[in-house]
Amino acid sequence: MSTPSSVSDLFLDIRGVTKRFGDNTVLAGVDLAVPRGTVVTVLGKSGTGKSVFLKCLAGIVRPDQGEIRFDGQVLNAANAIARGEFRRRCSYLFQSNALLDSLTALENVALPLEQTTQIPNREIRRRALEALHQLDLTKHRAHYPSQLSGGMQKRLALARAIVTRPELVLFDEPTAGLDPIRRNHVFEMIVKYQRQFGFTAVLVTHDLPEALVASDQVALLDGGRMQFQGTPEAFNRSENPMVRAFRDSAETLRETLAALRRGETITSEDDL
Amino acid sequence: MIRTLGQNTLHLVEEIGDFAVFTTRGFTEAIGARKLGRRIVRAIYEQGVRCVPVIVIVGLFTGLVLGLQGYYVLNKFGSEGLLGTLVALTLVRELAPVLAALMLVGQAGSALAAELGIQRNSEQIDALETMGASTYAYLISPRLLASLLVYPIQTALFCLVGLLGGYLSGSVLLNLQPGVYWSAIYKAVEPQDVAECFIKAGFFGLLTIAICAYNGFNAHRRRGSTGARAVSASTTRAVVFSSIAVLATDYLITSLLVKHP
(Lines give C-alpha, C1' and ligand atoms only; values in the text may rest on other atoms or scores of the structure.)
Protein backbone atom coordinates (compact mmCIF):
# COMPACT_ATOMS: atom_id res chain seq x y z
CA MET A 1 0.00 0.00 0.00
CA SER A 2 1.38 3.39 -0.92
CA THR A 3 1.54 6.15 1.66
CA PRO A 4 0.82 9.32 -0.22
CA SER A 5 1.70 12.12 2.18
CA SER A 6 4.27 12.93 4.75
CA VAL A 7 3.18 12.26 8.32
CA SER A 8 3.26 15.95 9.25
CA ASP A 9 0.51 16.79 6.69
CA LEU A 10 -1.85 14.20 8.05
CA PHE A 11 -5.09 15.51 9.49
CA LEU A 12 -6.30 12.04 10.31
CA ASP A 13 -3.94 9.14 10.83
CA ILE A 14 -5.49 5.72 11.42
CA ARG A 15 -3.32 2.75 12.29
CA GLY A 16 -4.22 -0.85 12.94
CA VAL A 17 -7.91 -0.29 13.73
CA THR A 18 -9.52 -3.60 14.60
CA LYS A 19 -13.17 -4.30 15.36
CA ARG A 20 -14.81 -7.61 16.16
CA PHE A 21 -18.47 -8.40 16.73
CA GLY A 22 -18.42 -11.70 18.58
CA ASP A 23 -16.46 -14.12 16.39
CA ASN A 24 -16.80 -11.91 13.32
CA THR A 25 -13.73 -9.75 12.71
CA VAL A 26 -14.96 -6.87 10.56
CA LEU A 27 -11.84 -4.73 10.66
CA ALA A 28 -8.51 -6.51 11.03
CA GLY A 29 -5.95 -3.73 11.36
CA VAL A 30 -7.07 -0.94 9.05
CA ASP A 31 -4.64 1.87 8.21
CA LEU A 32 -5.59 5.10 6.49
CA ALA A 33 -3.78 8.41 6.05
CA VAL A 34 -5.92 11.48 5.39
CA PRO A 35 -4.00 14.63 4.40
CA ARG A 36 -5.46 17.97 5.44
CA GLY A 37 -7.89 19.59 2.99
CA THR A 38 -8.33 16.54 0.76
CA VAL A 39 -11.21 14.27 -0.19
CA VAL A 40 -10.36 10.65 0.59
CA THR A 41 -12.81 7.98 -0.50
CA VAL A 42 -12.91 4.53 1.02
CA LEU A 43 -14.24 2.07 -1.53
CA GLY A 44 -15.31 -1.48 -0.90
CA LYS A 45 -17.97 -4.06 -1.55
CA SER A 46 -21.11 -4.08 0.56
CA GLY A 47 -20.53 -5.72 3.93
CA THR A 48 -16.77 -5.13 4.04
CA GLY A 49 -17.05 -2.90 7.10
CA LYS A 50 -16.78 0.55 5.51
CA SER A 51 -19.54 2.03 7.66
CA VAL A 52 -18.16 0.35 10.78
CA PHE A 53 -14.79 1.89 9.98
CA LEU A 54 -16.35 5.34 9.65
CA LYS A 55 -18.28 4.85 12.88
CA CYS A 56 -15.00 3.94 14.61
CA LEU A 57 -13.60 7.26 13.39
CA ALA A 58 -16.66 9.15 14.60
CA GLY A 59 -16.56 7.44 18.00
CA ILE A 60 -19.98 5.80 17.61
CA VAL A 61 -18.34 2.37 17.62
CA ARG A 62 -15.35 1.78 19.87
CA PRO A 63 -12.49 -0.06 18.13
CA ASP A 64 -10.99 -3.08 19.91
CA GLN A 65 -7.45 -2.12 18.90
CA GLY A 66 -5.59 0.48 16.92
CA GLU A 67 -4.88 4.17 17.08
CA ILE A 68 -6.70 7.12 15.57
CA ARG A 69 -4.87 10.44 15.51
CA PHE A 70 -6.78 13.61 14.70
CA ASP A 71 -4.59 16.62 14.03
CA GLY A 72 -1.82 14.94 16.00
CA GLN A 73 -3.99 14.07 19.03
CA VAL A 74 -4.76 10.44 19.88
CA LEU A 75 -8.51 9.79 20.12
CA ASN A 76 -9.48 7.23 22.71
CA ALA A 77 -11.88 6.81 25.60
CA ALA A 78 -9.28 8.05 28.09
CA ASN A 79 -8.67 11.29 26.21
CA ALA A 80 -12.04 12.97 26.62
CA ILE A 81 -10.69 16.42 25.76
CA ALA A 82 -9.33 15.26 22.41
CA ARG A 83 -12.58 13.40 21.70
CA GLY A 84 -14.58 16.54 22.55
CA GLU A 85 -12.32 18.65 20.33
CA PHE A 86 -12.76 16.11 17.53
CA ARG A 87 -16.56 16.27 17.83
CA ARG A 88 -16.49 20.05 17.81
CA ARG A 89 -14.46 20.13 14.61
CA CYS A 90 -16.00 17.16 12.82
CA SER A 91 -19.37 16.44 11.21
CA TYR A 92 -20.87 13.13 10.19
CA LEU A 93 -23.31 12.58 7.36
CA PHE A 94 -25.19 9.36 8.05
CA GLN A 95 -26.21 6.95 5.33
CA SER A 96 -29.77 7.16 6.68
CA ASN A 97 -29.42 10.97 7.09
CA ALA A 98 -30.42 10.55 10.78
CA LEU A 99 -32.48 13.74 10.75
CA LEU A 100 -34.52 14.37 13.88
CA ASP A 101 -38.00 13.62 12.64
CA SER A 102 -39.78 15.72 15.25
CA LEU A 103 -37.93 18.89 14.19
CA THR A 104 -38.47 21.03 11.10
CA ALA A 105 -35.75 21.45 8.47
CA LEU A 106 -34.68 24.76 10.01
CA GLU A 107 -34.62 23.31 13.54
CA ASN A 108 -32.58 20.33 12.32
CA VAL A 109 -29.94 22.57 10.80
CA ALA A 110 -29.89 24.90 13.81
CA LEU A 111 -29.57 22.01 16.27
CA PRO A 112 -25.76 21.51 16.21
CA LEU A 113 -25.22 25.25 16.75
CA GLU A 114 -27.82 25.36 19.52
CA GLN A 115 -26.40 22.38 21.33
CA THR A 116 -22.68 22.93 20.99
CA THR A 117 -22.07 26.67 20.86
CA GLN A 118 -22.94 29.80 22.79
CA ILE A 119 -23.86 31.74 19.65
CA PRO A 120 -26.92 34.01 20.16
CA ASN A 121 -30.23 32.62 18.88
CA ARG A 122 -30.55 35.28 16.16
CA GLU A 123 -27.14 34.38 14.73
CA ILE A 124 -27.98 30.66 14.89
CA ARG A 125 -31.12 31.29 12.88
CA ARG A 126 -29.23 33.39 10.36
CA ARG A 127 -26.57 30.73 9.85
CA ALA A 128 -29.13 27.92 9.63
CA LEU A 129 -31.12 29.86 7.02
CA GLU A 130 -27.91 30.55 5.11
CA ALA A 131 -27.05 26.82 5.08
CA LEU A 132 -30.58 26.00 3.88
CA HIS A 133 -30.27 28.66 1.17
CA GLN A 134 -26.93 27.23 0.01
CA LEU A 135 -28.57 23.86 -0.47
CA ASP A 136 -31.69 25.30 -2.10
CA LEU A 137 -33.96 24.33 0.78
CA THR A 138 -35.15 27.74 1.95
CA LYS A 139 -38.77 27.20 0.98
CA HIS A 140 -38.79 23.87 2.84
CA ARG A 141 -37.52 25.31 6.14
CA ALA A 142 -40.81 24.69 7.93
CA HIS A 143 -41.20 21.14 6.59
CA TYR A 144 -40.49 18.03 8.61
CA PRO A 145 -38.03 15.46 7.21
CA SER A 146 -40.88 13.05 6.43
CA GLN A 147 -42.39 15.72 4.15
CA LEU A 148 -39.21 15.93 2.03
CA SER A 149 -38.03 13.69 -0.81
CA GLY A 150 -34.97 11.45 -0.42
CA GLY A 151 -32.76 13.91 -2.30
CA MET A 152 -33.98 16.84 -0.21
CA GLN A 153 -33.36 14.90 2.99
CA LYS A 154 -29.81 14.22 1.83
CA ARG A 155 -29.30 17.93 1.13
CA LEU A 156 -30.79 18.79 4.51
CA ALA A 157 -28.39 16.36 6.21
CA LEU A 158 -25.55 17.99 4.30
CA ALA A 159 -26.74 21.44 5.41
CA ARG A 160 -26.72 20.24 9.01
CA ALA A 161 -23.24 18.79 8.53
CA ILE A 162 -21.72 22.02 7.19
CA VAL A 163 -23.56 24.58 9.33
CA THR A 164 -20.96 24.33 12.11
CA ARG A 165 -18.20 24.97 9.53
CA PRO A 166 -16.39 21.74 10.39
CA GLU A 167 -12.81 20.97 9.50
CA LEU A 168 -13.52 17.30 8.88
CA VAL A 169 -16.67 15.77 7.40
CA LEU A 170 -17.29 12.03 7.37
CA PHE A 171 -19.72 10.91 4.66
CA ASP A 172 -21.27 7.47 5.04
CA GLU A 173 -22.61 6.31 1.67
CA PRO A 174 -23.87 9.79 0.77
CA THR A 175 -25.42 8.57 -2.49
CA ALA A 176 -27.03 5.35 -1.27
CA GLY A 177 -30.46 4.84 -2.79
CA LEU A 178 -30.26 7.82 -5.15
CA ASP A 179 -30.75 7.77 -8.92
CA PRO A 180 -27.71 8.55 -11.11
CA ILE A 181 -28.65 12.21 -11.61
CA ARG A 182 -29.11 12.88 -7.90
CA ARG A 183 -26.00 10.81 -7.18
CA ASN A 184 -23.95 13.10 -9.42
CA HIS A 185 -25.57 16.11 -7.79
CA VAL A 186 -24.58 14.92 -4.31
CA PHE A 187 -20.97 14.39 -5.40
CA GLU A 188 -21.01 17.85 -7.00
CA MET A 189 -22.27 19.32 -3.74
CA ILE A 190 -19.59 17.56 -1.71
CA VAL A 191 -16.79 18.77 -3.96
CA LYS A 192 -18.27 22.26 -4.25
CA TYR A 193 -18.57 22.75 -0.49
CA GLN A 194 -15.27 21.06 0.18
CA ARG A 195 -13.62 23.62 -2.12
CA GLN A 196 -15.70 26.46 -0.65
CA PHE A 197 -15.16 25.70 3.03
CA GLY A 198 -11.88 23.81 2.73
CA PHE A 199 -12.83 20.94 5.00
CA THR A 200 -11.19 17.55 4.86
CA ALA A 201 -13.59 14.83 3.74
CA VAL A 202 -13.62 11.08 4.22
CA LEU A 203 -16.22 9.38 2.06
CA VAL A 204 -17.36 5.81 2.16
CA THR A 205 -19.05 4.57 -1.00
CA HIS A 206 -19.12 1.88 -3.65
CA ASP A 207 -19.87 4.28 -6.49
CA LEU A 208 -16.53 3.87 -8.26
CA PRO A 209 -16.75 6.26 -11.27
CA GLU A 210 -18.00 9.21 -9.22
CA ALA A 211 -15.53 8.54 -6.42
CA LEU A 212 -12.59 8.50 -8.80
CA VAL A 213 -13.60 11.88 -10.22
CA ALA A 214 -14.48 13.53 -6.90
CA SER A 215 -11.59 12.32 -4.72
CA ASP A 216 -8.01 13.35 -4.22
CA GLN A 217 -7.25 9.86 -2.96
CA VAL A 218 -9.05 6.55 -2.91
CA ALA A 219 -8.59 3.56 -0.66
CA LEU A 220 -9.95 0.05 -1.03
CA LEU A 221 -11.19 -1.84 2.02
CA ASP A 222 -11.45 -5.59 1.61
CA GLY A 223 -10.96 -8.58 3.87
CA GLY A 224 -10.87 -6.33 6.93
CA ARG A 225 -7.81 -4.41 5.70
CA MET A 226 -7.04 -1.46 3.50
CA GLN A 227 -5.75 -3.11 0.32
CA PHE A 228 -4.85 0.11 -1.45
CA GLN A 229 -4.51 3.84 -0.88
CA GLY A 230 -3.39 6.28 -3.52
CA THR A 231 -4.51 8.75 -6.13
CA PRO A 232 -7.35 7.89 -8.54
CA GLU A 233 -4.74 7.61 -11.31
CA ALA A 234 -2.72 5.12 -9.27
CA PHE A 235 -5.92 3.19 -8.57
CA ASN A 236 -6.65 2.99 -12.29
CA ARG A 237 -3.14 1.69 -12.99
CA SER A 238 -2.87 -0.67 -10.02
CA GLU A 239 -2.22 -4.34 -10.69
CA ASN A 240 -3.37 -5.33 -7.19
CA PRO A 241 -5.83 -8.21 -7.85
CA MET A 242 -8.43 -6.84 -5.43
CA VAL A 243 -8.23 -3.39 -6.97
CA ARG A 244 -8.53 -4.93 -10.43
CA ALA A 245 -11.52 -7.03 -9.39
CA PHE A 246 -13.28 -3.96 -7.99
CA ARG A 247 -12.29 -1.71 -10.88
CA ASP A 248 -13.27 -4.25 -13.53
CA SER A 249 -16.50 -5.35 -11.85
CA ALA A 250 -18.70 -3.65 -14.45
CA GLU A 251 -16.76 -5.26 -17.28
CA THR A 252 -16.91 -8.64 -15.53
CA LEU A 253 -20.68 -8.31 -15.14
CA ARG A 254 -21.02 -7.40 -18.82
CA GLU A 255 -19.03 -10.50 -19.83
CA THR A 256 -20.98 -12.75 -17.45
CA LEU A 257 -24.34 -11.52 -18.74
CA ALA A 258 -23.19 -11.96 -22.33
CA ALA A 259 -22.15 -15.53 -21.49
CA LEU A 260 -25.52 -16.24 -19.87
CA ARG A 261 -27.32 -14.87 -22.93
CA ARG A 262 -25.28 -17.20 -25.12
CA GLY A 263 -26.57 -20.07 -22.98
CA GLU A 264 -23.29 -20.80 -21.24
CA THR A 265 -23.40 -22.08 -17.65
CA ILE A 266 -21.71 -20.20 -14.83
CA THR A 267 -20.11 -22.99 -12.87
CA SER A 268 -18.41 -21.37 -9.95
CA GLU A 269 -18.94 -18.39 -7.68
CA ASP A 270 -15.66 -16.95 -8.97
CA ASP A 271 -17.23 -16.61 -12.39
CA LEU A 272 -19.67 -14.16 -10.88
CA MET B 1 -26.57 -23.78 36.28
CA ILE B 2 -24.36 -22.01 38.82
CA ARG B 3 -22.51 -20.34 35.97
CA THR B 4 -25.78 -19.10 34.42
CA LEU B 5 -26.94 -17.85 37.82
CA GLY B 6 -23.63 -16.05 38.31
CA GLN B 7 -23.74 -14.52 34.82
CA ASN B 8 -27.31 -13.33 35.29
CA THR B 9 -26.47 -11.84 38.69
CA LEU B 10 -23.48 -10.01 37.26
CA HIS B 11 -25.60 -8.80 34.35
CA LEU B 12 -28.26 -7.55 36.78
CA VAL B 13 -25.71 -5.71 38.93
CA GLU B 14 -24.15 -4.20 35.80
CA GLU B 15 -27.56 -3.07 34.57
CA ILE B 16 -28.48 -1.51 37.93
CA GLY B 17 -25.17 0.36 37.87
CA ASP B 18 -25.81 1.50 34.29
CA PHE B 19 -29.28 2.67 35.26
CA ALA B 20 -27.91 4.64 38.22
CA VAL B 21 -25.30 6.33 36.01
CA PHE B 22 -27.95 7.00 33.35
CA THR B 23 -30.30 8.69 35.82
CA THR B 24 -27.52 10.68 37.45
CA ARG B 25 -26.33 11.95 34.06
CA GLY B 26 -29.92 12.81 33.24
CA PHE B 27 -29.85 15.30 36.10
CA THR B 28 -26.24 16.49 36.09
CA GLU B 29 -26.09 17.21 32.35
CA ALA B 30 -29.15 19.44 32.66
CA ILE B 31 -26.90 22.02 34.29
CA GLY B 32 -26.18 24.72 31.75
CA ALA B 33 -28.10 22.99 28.94
CA ARG B 34 -29.45 25.36 26.30
CA LYS B 35 -33.17 25.72 25.67
CA LEU B 36 -33.89 23.24 28.45
CA GLY B 37 -36.98 25.16 29.55
CA ARG B 38 -38.62 24.80 26.14
CA ARG B 39 -38.06 21.05 26.16
CA ILE B 40 -39.32 20.73 29.74
CA VAL B 41 -42.55 22.46 28.69
CA ARG B 42 -42.92 20.00 25.84
CA ALA B 43 -42.29 17.07 28.22
CA ILE B 44 -44.90 18.49 30.62
CA TYR B 45 -47.36 18.58 27.74
CA GLU B 46 -46.58 14.96 26.78
CA GLN B 47 -46.69 13.57 30.31
CA GLY B 48 -49.26 15.97 31.69
CA VAL B 49 -51.80 17.48 29.35
CA ARG B 50 -52.07 14.46 27.07
CA CYS B 51 -52.59 12.13 30.02
CA VAL B 52 -55.34 14.16 31.70
CA PRO B 53 -58.25 12.25 30.05
CA VAL B 54 -57.00 8.85 31.21
CA ILE B 55 -56.34 10.16 34.73
CA VAL B 56 -59.84 11.67 34.93
CA ILE B 57 -61.57 8.55 33.60
CA VAL B 58 -59.68 6.07 35.78
CA GLY B 59 -59.90 8.37 38.82
CA LEU B 60 -63.64 8.79 38.42
CA PHE B 61 -64.35 5.07 38.08
CA THR B 62 -62.02 4.23 40.98
CA GLY B 63 -63.95 6.68 43.18
CA LEU B 64 -67.30 5.33 41.97
CA VAL B 65 -66.35 1.74 42.77
CA LEU B 66 -64.82 2.67 46.15
CA GLY B 67 -68.00 4.58 47.05
CA LEU B 68 -70.22 1.70 46.03
CA GLN B 69 -68.24 -1.09 47.70
CA GLY B 70 -67.47 1.00 50.74
CA TYR B 71 -71.08 1.99 51.24
CA TYR B 72 -72.36 -1.61 51.30
CA VAL B 73 -69.59 -2.82 53.62
CA LEU B 74 -70.00 0.09 56.05
CA ASN B 75 -73.79 -0.23 55.89
CA LYS B 76 -73.51 -3.72 57.45
CA PHE B 77 -72.07 -2.05 60.56
CA GLY B 78 -74.29 1.02 60.40
CA SER B 79 -71.27 3.20 59.66
CA GLU B 80 -72.12 4.66 56.24
CA GLY B 81 -71.13 8.03 57.64
CA LEU B 82 -67.51 6.91 57.43
CA LEU B 83 -67.70 6.48 53.65
CA GLY B 84 -65.86 9.76 53.04
CA THR B 85 -63.08 8.66 55.39
CA LEU B 86 -62.70 5.32 53.62
CA VAL B 87 -62.69 6.79 50.11
CA ALA B 88 -60.36 9.67 50.99
CA LEU B 89 -57.75 7.71 52.93
CA THR B 90 -57.71 4.86 50.40
CA LEU B 91 -57.24 7.29 47.55
CA VAL B 92 -54.79 9.69 49.15
CA ARG B 93 -52.56 7.15 50.84
CA GLU B 94 -52.50 4.39 48.23
CA LEU B 95 -54.69 4.24 45.19
CA ALA B 96 -54.18 7.69 43.70
CA PRO B 97 -50.35 7.69 43.58
CA VAL B 98 -50.19 4.04 42.47
CA LEU B 99 -52.98 4.06 39.87
CA ALA B 100 -52.02 7.48 38.49
CA ALA B 101 -48.41 6.26 38.12
CA LEU B 102 -49.54 3.05 36.39
CA MET B 103 -51.75 5.04 34.00
CA LEU B 104 -48.89 7.42 33.23
CA VAL B 105 -46.58 4.46 32.61
CA GLY B 106 -49.13 3.04 30.17
CA GLN B 107 -49.53 6.28 28.27
CA ALA B 108 -46.52 8.58 28.66
CA GLY B 109 -43.91 6.00 29.71
CA SER B 110 -44.56 3.56 26.87
CA ALA B 111 -44.62 6.43 24.35
CA LEU B 112 -41.31 7.70 25.70
CA ALA B 113 -39.65 4.27 25.52
CA ALA B 114 -40.91 3.73 21.96
CA GLU B 115 -39.88 7.22 20.83
CA LEU B 116 -36.35 6.87 22.19
CA GLY B 117 -36.09 3.33 20.81
CA ILE B 118 -37.02 4.55 17.32
CA GLN B 119 -34.61 7.47 17.64
CA ARG B 120 -31.89 5.00 18.59
CA ASN B 121 -32.79 2.70 15.71
CA SER B 122 -32.81 5.46 13.11
CA GLU B 123 -29.43 6.78 14.32
CA GLN B 124 -30.94 10.07 15.53
CA ILE B 125 -29.26 9.61 18.93
CA ASP B 126 -25.95 8.78 17.22
CA ALA B 127 -26.36 11.96 15.17
CA LEU B 128 -26.75 14.01 18.35
CA GLU B 129 -23.64 12.38 19.79
CA THR B 130 -21.54 12.97 16.67
CA MET B 131 -22.49 16.64 16.60
CA GLY B 132 -21.11 16.93 20.15
CA ALA B 133 -24.50 17.51 21.79
CA SER B 134 -25.29 16.00 25.17
CA THR B 135 -27.92 13.38 24.41
CA TYR B 136 -28.77 13.28 28.09
CA ALA B 137 -29.39 17.01 28.35
CA TYR B 138 -31.39 17.00 25.14
CA LEU B 139 -33.44 13.83 25.50
CA ILE B 140 -33.45 12.66 29.12
CA SER B 141 -33.14 15.66 31.46
CA PRO B 142 -36.34 17.43 30.33
CA ARG B 143 -38.37 14.25 30.82
CA LEU B 144 -36.96 13.55 34.29
CA LEU B 145 -37.45 17.12 35.49
CA ALA B 146 -40.97 17.27 34.04
CA SER B 147 -41.92 14.03 35.82
CA LEU B 148 -41.13 15.57 39.21
CA LEU B 149 -43.77 18.21 38.54
CA VAL B 150 -46.31 16.29 36.49
CA TYR B 151 -46.78 13.16 38.60
CA PRO B 152 -47.75 14.98 41.83
CA ILE B 153 -50.19 17.20 39.89
CA GLN B 154 -51.72 14.23 38.10
CA THR B 155 -51.99 12.38 41.41
CA ALA B 156 -53.75 15.36 42.99
CA LEU B 157 -56.14 15.43 40.04
CA PHE B 158 -56.74 11.69 40.44
CA CYS B 159 -57.56 12.23 44.14
CA LEU B 160 -60.01 15.05 43.45
CA VAL B 161 -61.81 13.18 40.68
CA GLY B 162 -61.83 10.00 42.80
CA LEU B 163 -63.42 11.85 45.72
CA LEU B 164 -66.01 13.20 43.30
CA GLY B 165 -66.66 9.62 42.12
CA GLY B 166 -67.14 8.49 45.72
CA TYR B 167 -69.59 11.34 46.22
CA LEU B 168 -71.53 10.40 43.08
CA SER B 169 -71.98 6.77 44.10
CA GLY B 170 -72.36 7.38 47.86
CA SER B 171 -74.47 10.52 47.95
CA VAL B 172 -76.13 10.88 44.56
CA LEU B 173 -76.90 7.18 43.93
CA LEU B 174 -77.16 5.80 47.47
CA ASN B 175 -78.55 8.85 49.25
CA LEU B 176 -75.81 9.44 51.82
CA GLN B 177 -75.98 13.04 53.07
CA PRO B 178 -73.42 15.08 51.07
CA GLY B 179 -72.46 17.01 54.18
CA VAL B 180 -71.68 13.75 56.01
CA TYR B 181 -69.52 12.56 53.10
CA TRP B 182 -67.48 15.76 52.70
CA SER B 183 -67.07 16.47 56.42
CA ALA B 184 -65.76 12.93 56.96
CA ILE B 185 -63.14 13.62 54.30
CA TYR B 186 -62.23 16.93 55.90
CA LYS B 187 -61.80 15.30 59.32
CA ALA B 188 -59.95 12.19 58.11
CA VAL B 189 -57.25 13.53 55.82
CA GLU B 190 -54.25 14.95 57.62
CA PRO B 191 -51.35 16.93 56.19
CA GLN B 192 -49.10 13.90 56.63
CA ASP B 193 -51.37 11.84 54.35
CA VAL B 194 -51.15 14.50 51.67
CA ALA B 195 -47.37 14.69 52.09
CA GLU B 196 -47.12 10.89 51.79
CA CYS B 197 -49.22 11.06 48.63
CA PHE B 198 -46.96 13.65 47.01
CA ILE B 199 -43.74 11.96 48.13
CA LYS B 200 -44.93 8.74 46.53
CA ALA B 201 -46.01 10.55 43.37
CA GLY B 202 -42.64 12.25 43.01
CA PHE B 203 -40.73 8.98 43.52
CA PHE B 204 -42.97 7.07 41.13
CA GLY B 205 -42.64 9.77 38.49
CA LEU B 206 -38.89 9.88 38.64
CA LEU B 207 -38.50 6.12 38.78
CA THR B 208 -40.93 5.23 36.00
CA ILE B 209 -39.78 7.91 33.56
CA ALA B 210 -36.14 6.98 34.24
CA ILE B 211 -36.88 3.27 33.64
CA CYS B 212 -38.82 3.98 30.44
CA ALA B 213 -36.17 6.39 29.15
CA TYR B 214 -33.37 3.97 30.02
CA ASN B 215 -35.00 1.10 28.15
CA GLY B 216 -35.78 3.18 25.06
CA PHE B 217 -32.37 4.82 25.03
CA ASN B 218 -30.64 1.43 25.22
CA ALA B 219 -32.97 -0.41 22.84
CA HIS B 220 -29.96 -1.34 20.67
CA ARG B 221 -28.31 -3.15 23.56
CA ARG B 222 -31.10 -5.71 24.01
CA ARG B 223 -29.66 -9.15 23.37
CA GLY B 224 -31.50 -11.30 20.85
CA SER B 225 -33.56 -8.55 19.24
CA THR B 226 -32.83 -5.88 16.67
CA GLY B 227 -34.71 -3.25 14.69
CA ALA B 228 -38.46 -2.95 15.24
CA ARG B 229 -38.42 -5.95 17.56
CA ALA B 230 -35.84 -4.27 19.77
CA VAL B 231 -38.15 -1.25 20.04
CA SER B 232 -41.16 -3.41 20.94
CA ALA B 233 -39.08 -5.47 23.40
CA SER B 234 -37.68 -2.38 25.09
CA THR B 235 -41.13 -0.78 25.31
CA THR B 236 -42.63 -3.90 26.85
CA ARG B 237 -39.74 -4.15 29.27
CA ALA B 238 -40.10 -0.49 30.18
CA VAL B 239 -43.81 -0.88 31.00
CA VAL B 240 -43.39 -4.14 32.94
CA PHE B 241 -40.38 -2.97 34.96
CA SER B 242 -41.94 0.42 35.68
CA SER B 243 -45.16 -1.17 36.92
CA ILE B 244 -43.26 -3.57 39.18
CA ALA B 245 -41.08 -0.71 40.43
CA VAL B 246 -44.17 1.35 41.30
CA LEU B 247 -45.68 -1.45 43.39
CA ALA B 248 -42.39 -2.40 45.07
CA THR B 249 -41.50 1.22 45.85
CA ASP B 250 -45.02 1.80 47.14
CA TYR B 251 -44.51 -0.93 49.69
CA LEU B 252 -41.12 0.44 50.74
CA ILE B 253 -42.31 4.03 51.08
CA THR B 254 -45.47 2.97 52.92
CA SER B 255 -43.48 0.86 55.36
CA LEU B 256 -41.19 3.83 56.04
CA LEU B 257 -43.88 6.49 56.31
CA VAL B 258 -46.81 4.63 57.82
CA LYS B 259 -47.90 5.86 61.23
CA HIS B 260 -47.30 3.21 63.89
CA PRO B 261 -49.96 3.02 66.62
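Predicted model: local features only at pLDDT ≥ 70, side-chain atom pairs only at ≥ 80, totals over all residues.
## The six-stranded sheet

Let's start with chain A. Six of its strands form an open sheet in the order E6-E7-E8-E3-E9-E10, and the pairing is mixed. From one strand to the next, the twist averages 15 degrees.

## The four-stranded sheet

Chain A also has an open sheet of 4 strands, ordered E2-E1-E4-E5, and here the pairing is antiparallel. Its edge strands are E2 (24–35) and E5 (73–75). Neighbouring strands are turned by 25 degrees against each other on average, ignoring direction.

Inside this sheet, E1 (residues 10–21) and E4 (residues 65–70) of chain A are joined by 5 bridges in the antiparallel sense. A:Arg15 stands opposite A:Glu67, which belongs to E4(A). Helix H2(A) lies across E4 and E5 of chain A, and runs at about 95 degrees to E5(A).

## Where the chains touch

Now for the partner: 14 residues of chain A are in contact with 13 residues of chain B. On the chain A side, helices H2 (80–89) and H3 (105–116) each supply at least two residues. The largest share, 4 residues, comes from H3(A).

What kinds of residues does chain A bring to the side that touches chain B? There are 7 nonpolar, 4 polar and 3 charged ones.

Key: Residues numbered from 1 in each chain as written. Chains lettered and ligands numbered in written order. Contact = placed C-beta atoms within 7 Å. Nonpolar A, V, L, I, M, F, W, Y, C, P; charged D, E, K, R; others polar. Pairing = 2+ DSSP bridges. Axes fitted to C-alpha atoms, helices over the stretch in contact; angles between N-to-C directions.
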